[in-house]
Amino acid sequence: MQELTQQIRSAAKRLLQEERVDCVLGYREGTVPMRERPFFAYTPEEADQLVWTRFCVNNLANFLIGRQDRVAVVAQGCVSRNIVGLIQEKQLSREQVYVLGLHSPGMVDSAKVQAQFPNRVIHSVEEDGEELLVNGADFQERVKVRDVKRDNCYTCTHRNAVIYDEFLGEQGEETGGGNIDNVAAPWENLSLEERWQRFEETFKDCIRCYACRDVCPLCYCNQCFVDENQPQWCGKTVEETDVHTFHILRAFHCAGRCTDCGACESACPVGIKMRRLTSKLEKDIRELYGYSPGLDLESTPPLSVYSPEDPEPFSTG
Amino acid sequence: MQDKILDKSEVDALLERLGSEYDVYAPLRDQQGSVEWAALDSSSDLVWDFSNTGVSPKRFVFPQTECMMRFNNRSDDPEGMIMKQEQGLQRQQALLNIRPCDAKALKALDSIYCRDQTSNDVYWRDKREKTLYVGLACKSPCPTCFCTSVRCGPHYEEGLDILLVDLGERLLVRTLSEKGAELASNLSDAPDEAKQQAAQQKEEAEAAVRSQVGLENIQSRGIMELYEAPMWDREHESCLNCGVCTYVCPTCHCFDIQDETQGEHGRRVRNWDTCMSWLFTYHTSGHNPRGTKKDRFRQRFMHKFKYMPYKFDVIGCVGCGRCTQSCPVNIDVTEVVGEMNEPDLN
């Protein structure tokens, strides 16, 4: 990872020095354990702050929306897929963005690491190959990375950037080894009542901070439906009806667009597993339309077009 | 103030006494393994070693969703459309093992919600008066804690009825109000060695708060000087304008009032609101005085560290570090405040 950090820095410096771009969007070392900060480097000197670690859990495509300048962006598989999605949806032009492609090693879920040390305060976490060195005030322990990756990184299908202007480091293993259908499968085996129960259980702790929405590169609407008040589609309370309306509608808006980047789950302050919903949508779109989002600039997302041949299993039984 | 002693094996007796008068809530370990506030059923569920809860306990005094009034949604009814106030809290509540910082936060908010006759929020006051605060001194502050920099600390007493200090097998019980003294009235006085142990623990805990911020330059600077400082241009860049920081915060206190109707039923309800949202200040005219992300980002820090100290001589922050811990993009309050306090703002 340190080697890739160096490569990102030198590529960023070169691009800034040659004035190919106005800034480089990457990650800077965070001030708390296991959370790096999205960072814009505008000068070659600032490029020295860029890092690449297993704690880069944001989706940088989100920060490209609405920018007018030329931006180089550090992008692993999922981020590059969201860049493709934004270009397809005309939120970004291909010329405006310079993609520094990478292979993702799978990012760490800080909650899983913390769960291994229930009563202890973690002061810092360092990467050491395939292990993490976890430091507290009076302890130092090792954790295997493979045990604490984010759920979506286990089921990843595209770890290498799918589009790029230059690829940094080596292309690597494409999949995370897990099967995303297994995340969706539990829903399919449940009765209607059980599904509803599971759904209620999943979202019961929501505090409606909208971090999941605001961290998501799909959620770029100028005015989100929950913020509209004429008419007001959704109430403002934390009562079930309003919380459920928000999450169901948001998930549906992501159908055929979600790349399973996991940024929503990483951002949630109360640990909600949004992927229980989105994984099922992802599976449906793949099975019904043969489509996986963000892989091809030339394709059209299935829910953006109408075709008389569109499958409608829900209307035929 | 009196120092009493309680063996942990006798906590049950205290809880029984509490339970007869109060609904008791405490930080408890949930199924996911994190410690969050919940109703306490049994003393064996109590957690003594935890840093702090992810979400602050302010909801017990200021619920995220609170029905203020109800009305009959019928204009043809003489009683219709007339607001009827909701009853207050039906039973007193006790917040057991509340961290001193969280109790101080509620105290700080009194300066906004019930300062004097003209600012008397009946909903806030009702629950403040019906709540007992039994604090648990902090043993191992997080790396993100900076309470000692903002007139607070791991053993801070203001805002508490009782402060408990965990001495291992025993608890030192420091009574800080009449209500607290009454609750602890049948306990024995703490021996000197226990008092010394608690005092030493206080010293150690204060020394363990590693994050520090200075506020002296913020205080001496004019509002506009801070407002126009170039630092905001870069500090806000990665902010998502989500509401995490404001909703986990023990001192953020803004709300939005909505009237809701369903058939003949109507209610007036207030919900937490967040100054991070563009909608927060959006005028009916279409004008938004805080129209940019930078405006909103700046507001939160200016409110806590400049406007509140300026207006009420109260810092709108207790240094719990939750905003830094929960921020999805690692905006660090100590870093931002550090920049605001830099000797040279340019």
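**Strand, core and domains**

Mentor: Start with B:Thr65, which lies in strand 4 (residues 65–72) of chain B. Keep in mind that this is a predicted model.

Trainee: Is B:Thr65 buried, exposed or partly exposed?
Mentor: B:Thr65 counts as partly exposed, because it has 18 C-beta neighbours inside 10 Å. Buried would take 20 or more.

Trainee: What does B:Thr65 touch, leaving out residues up to four places away in sequence?
Mentor: From chain A, A:Thr237, A:Val238 and A:Glu239. From chain B, B:Val269 and B:Asn271.

Trainee: And how far is B:Thr65 from B:Ser238 in space?
Mentor: The two are 29 Å apart, C-alpha to C-alpha. In sequence, 173 residues separate them.

Trainee: Switching to domains. What does the assignment give for chain B?
Mentor: Domain 1 (2–208) and domain 2 (216–340). Their C-alpha centres lie 25 Å apart. The contact takes 35 residues from domain 1 of chain B and 29 residues from domain 2 of chain B.

Trainee: Which elements supply the domain 1 side of chain B?
Mentor: Strand 4 and helix 2 of chain B each supply at least two residues there. By class, that side has 18 nonpolar, 10 polar and 7 charged residues.

Trainee: Now the largest nonpolar core. How many residues does it have?
Mentor: It has 162 residues. A:Val24 and A:Val73 have the most contacts inside it. Helix 2 (residues 100–113) of chain B gives the most to this core, with 6 residues.

Trainee: Next, strand 8 of chain B. Why is it largely enclosed by the rest of the structure?
Mentor: Strand 8 (residues 162–166) of chain B is largely enclosed because 4 of its 5 residues are buried.

Trainee: Which strands does strand 8 of chain B pair with?
Mentor: One is strand 7 (residues 131–136) of chain B, in the parallel sense over 3 bridges. There, B:Leu136 stands opposite B:Leu164 of strand 8. Another is strand 9 (residues 170–175) of chain B, antiparallel over 5 bridges.

Trainee: What is the bridge partner of B:Val165 in strand 9 of chain B?
Mentor: B:Leu172.

Trainee: And which residue takes a positive phi in the hairpin of strands 8 and 9 of chain B?
Mentor: B:Gly168, with phi near 100°. That hairpin has 3 residues between the strands.

How values were computed: Residues are numbered from 1 along each chain as its sequence is written. Chains are lettered from A and ligands numbered from 1 in the order in which they are written. This is a predicted model: local features need pLDDT of at least 70, side-chain atom pairs count only at pLDDT 80 or more; totals for chains, interfaces and linings use all residues. A nonpolar core is a set of buried Ala, Val, Leu, Ile, Met, Phe, Trp, Tyr and Cys residues joined through C-beta atoms within 7 Å. A residue is buried if 20 or more other C-beta atoms lie within 10 Å of its own, exposed if 12 or fewer, and partly exposed in between; C-beta atoms are placed from the backbone. Two strands pair if DSSP finds at least two bridges between them. Two residues are in contact if their C-beta atoms, placed from the backbone, lie within 7 Å. Domain bounds come from an automatic or database domain assignment. Ala, Val, Leu, Ile, Met, Phe, Trp, Tyr, Cys and Pro count as nonpolar, Asp, Glu, Lys and Arg as charged, and the others, Gly among them, as polar.
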